[in-house]
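Hello,

Here is the structure I promised to pass on to you. Please open it first, and then read my notes below.

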Amino acid sequence: MAVTTATLGASPRARRPALLAFRTAVLRKPGRVVGLAIIVLFALMAVAGPWLYGRLEIDPDAVYAPPSAKHWLGTDFAGSDVLQEIIVGARYVLGTAALAALITAVLGTGIGLVAGYRRGFTDSVLMRITDFILTIPAFPLLIVLSTVWDFSSPWLMGLVLGGTGWGGMARAVRSQALSLRERGFLEAARGLGLSTRHIIVKELLPNIAPYVAMHLLLSTIAFVTAEVGLFFLGVVPFSTTNWGVMLNQAVFSGGALESPDALFYLLAPLSCIVLLTLGIVLFLDAVDELFNPRLRERA
Amino acid sequence: MSRPKTLVAAVAAAVALTASSACSGSAKKINGGGSDGNVYTSIDANNPITAGAPMNPFNASPNTFLGYDQMQLGFDKKNPADPNDFFPGLAASWTATDTGLTVQLQPNAKWSDGTPVTLADIKTSVAVAYTQGLAGPSAATANPSAGSLEVSGVKDLGGGKIEFDEQPGVKNLYFTRLALSLTIVSDKVYGSQVPADVWTTIAAAQGPDANAAKAAITKLTTEGKALAAFAPAKDVSAGPFVIDHIDPGSAVMNRNPYFYDVKKIAPKQVVVRHFTGNEQIWSYMKAGELDSAPFTAMPTNVLNQVLGAGYTRMDSVSFVGASIAFNEKVAPFDKTAVRQALAYVIDRDAVTKVGEPVGGVPNAATTGLIKAQSDTFLSADQSAALNPYKPDPAKAAALLQSAGFKKDSSGQWHLPDGSAWKITLQAVNGFSDWISASAVIANELTGFGIPTTAAVTTDFATYKKEMGAGKYAFGWWLVALGPQTDKAYNRLYGSDDGFVYTNGQITHNDSGWEHTPETYAVNGQTVATGPLTAQLSVTPVADQKPIIAQLAAATNQELPVIQIWDYTRVQFTLNKRFTNFPKTGDEALLANPPGVWMMQGYVQNK
């Protein structure tokens, strides 16, 4: 944050157009506003949820209670408020996804750019490593690892998801870099004797950024689905506020598929995943325009 | 816990006992013999279908089904007052003698290939039991205090009478029970799988030469492994049904026309459905597909759905309890005051309401037995003297303070050394009742000021292994596995607690995971838990009261476990295709699978 402030303070001119472009891109279509609002809502839940609700109350006399003024989304197997569980559980889900996305972005983009621009031996080595990562079945690996590692913290889970999930991004970025490196502006840069680092960071990266951003958001959806799926299988530490555990409990303990009583308990985390996915997809449209000059011009 | 999985553990641990008695069947109505009938569909809670597994009852995942195609000489009535009380099976009657047991086979006992059940079948079955560790010294090692079936010979007395000779020098109270519980297999099928010299090996295993006995046991074990993997080409059954075919989703069994009492068997076919979890069984029942369903954990909302689909609920006593066990080697669980404090914090009523609302009753007081059984042994005064540990945070706090614990300004308890006290409560994946209950207990303890996390182990095999390795300090455990009281207390003061029973002597070492003290001081008396537990196995039920009184009081005071709920065996039947099912109150029948009901004349076509 300090860096951002300093940057903004040092360069007010640069800030205004970027913010303006962002606002313009988001406001151009109502769907984008909705998408951003959903993402912000979940981000707020992730940040503030556990502070808002400490220890969730249980009520064995109100197990699987239907939605009411007191419990907007009903209650779970122990009579705890489902809405509170959803809000508290957002931190783990989004924290994991954010960390995994960050690792994917840094490793995938970095390796893809270097491999695509340098080609030759560097490309071969980096792509063999990437291919190896791509062959690792991340989900089964997580199931196995869950027997020996404690995934109660989102950071370890994010690390594994990100560590096994950047291969696709690296491959995609490399393809883009291979294509771009033959363009005139890069030949000119090389002709001017600019350093490889400068060319990759200042010339290549900005042109690939929209692709990376979109890939990143889509990866985030995949990471959310993967971690929730893992918890749904019941092979990681048990937490009543975890969305995957909620799904697991609703189906395997609450009989949500046999009885309507536990249906809201099942639908609540499911709806959140769908809503989050929807938010990301809607917002992707704005990101696309934000980074794509042609779309900006057309608009 | 997925109820079926719990049941596996519970039933597996609750089977096997003995004594002396004679008995007779109690058939109600008799069906019309060989006429066609309906198809009976059910679930074997202990035995989901395992695709590709052999039709061999000794395999780890056998595709055979007790009471249908897998037969015994008799079937356990689970009578706590008489552990040798059995329904007749292939044995029509039996008499315990000073030297063993004499069994009268059913007059028409035949295999599904039409050949009669003979002495050779019984002898082979006993030999097979030795190779499988179900009889002999290996079985004694598995259940040190209870002893094992030790047969020195099986003789034909003529007229269908078979004599089981108990090994000279051994007097097991439960010889009858153990002999009647043997799985009887066909000599024509399994005889070739047992070496010709097996009885010589068995004799060596029972002999006085320790080295020769050890070598013989090793030989039997090796032979047993090969036999367990044996896959018969077809099912040869002496039971009411014989397997027609097995596919991954179900086992289909046809009525055995040669069954000794085939006229009582109404269904023309039995289909045992596969399942992977409780929710599948719920789904089958909601669709009205099962004619009877075994003990399955379910929430109240699912119960209502099942009852709404037309099922009748039948409750019977289940000699199993769910508890939270301590590893007393891990501080601070070595302190009695700490264990008692935790008992005062946990609200068992609330926990049971969430964890096992249909198939559980909150435990009244920790004694090592379920209440229905402890009530039969303890006097009113003794029961009244037990501490029920009703929820009382003030008492819990006082106990912790007396043990040197301190509470900080945020309300969190600290250990005597000043460090924050945190607990992990371990449960097992798939054991839905334990998992749900863990959430409540964790919530209660956290609210009291001991931050508690509920953790889940991937499967029960890993759980038992890791618990045995001392990895868990505080975790769920099945206790009170009766009705045999020595088995129930062996769960607390047996091998898991380091008590080893060899050559009639009991010793205590550090090999278990419970690590309770060797003796307790209770009401001014010293209670030696391990030796008393071993003593139960050689004491007739009628004389067990003084021993149980000591063990119950000691367990209640020292709390090696906190009993949370007593299970109730809740089963369901559907009066749609069949009628005349057992009812609530038919305890002995309900402790057995539907095949046994049918043998007794129950279950008729509608």
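This is a predicted model: local features need pLDDT of at least 70, side-chain atom pairs count only at pLDDT 80 or more; totals for chains, interfaces and linings use all residues.

Residues are numbered from 1 along each chain as its sequence is written, while chains are lettered from A and ligands numbered from 1 in the order in which they are written.

Helices (H or I, at least four residues) and strands (E, at least two) are DSSP runs, numbered from the N terminus. A residue is buried if 20 or more other C-beta atoms, placed from the backbone, lie within 10 Å of its own; 12 or fewer makes it exposed, and in between it is partly exposed.

Helix α10 of chain B (residues 336–345) has 8 of its 10 residues buried, so it is largely enclosed by the rest of the structure. Among the buried ones are V338(B), R339(B) and Y344(B).

Next, the place where the chains meet. Residues are in contact if their C-beta atoms, placed from the backbone, lie within 7 Å. Chain B gives 28 residues to the contact and chain A gives 23 residues. On the side of chain B that touches chain A, the largest share, 9 residues, comes from α15(B).

Finally, A45(B) sits in the loop between β1 (39–43) and β2 (71–72) of chain B. A45(B) is buried, with 23 other C-beta atoms within 10 Å.

Best wishes

Note on methods. Two residues are in contact if their C-beta atoms, placed from the backbone, lie within 7 Å.
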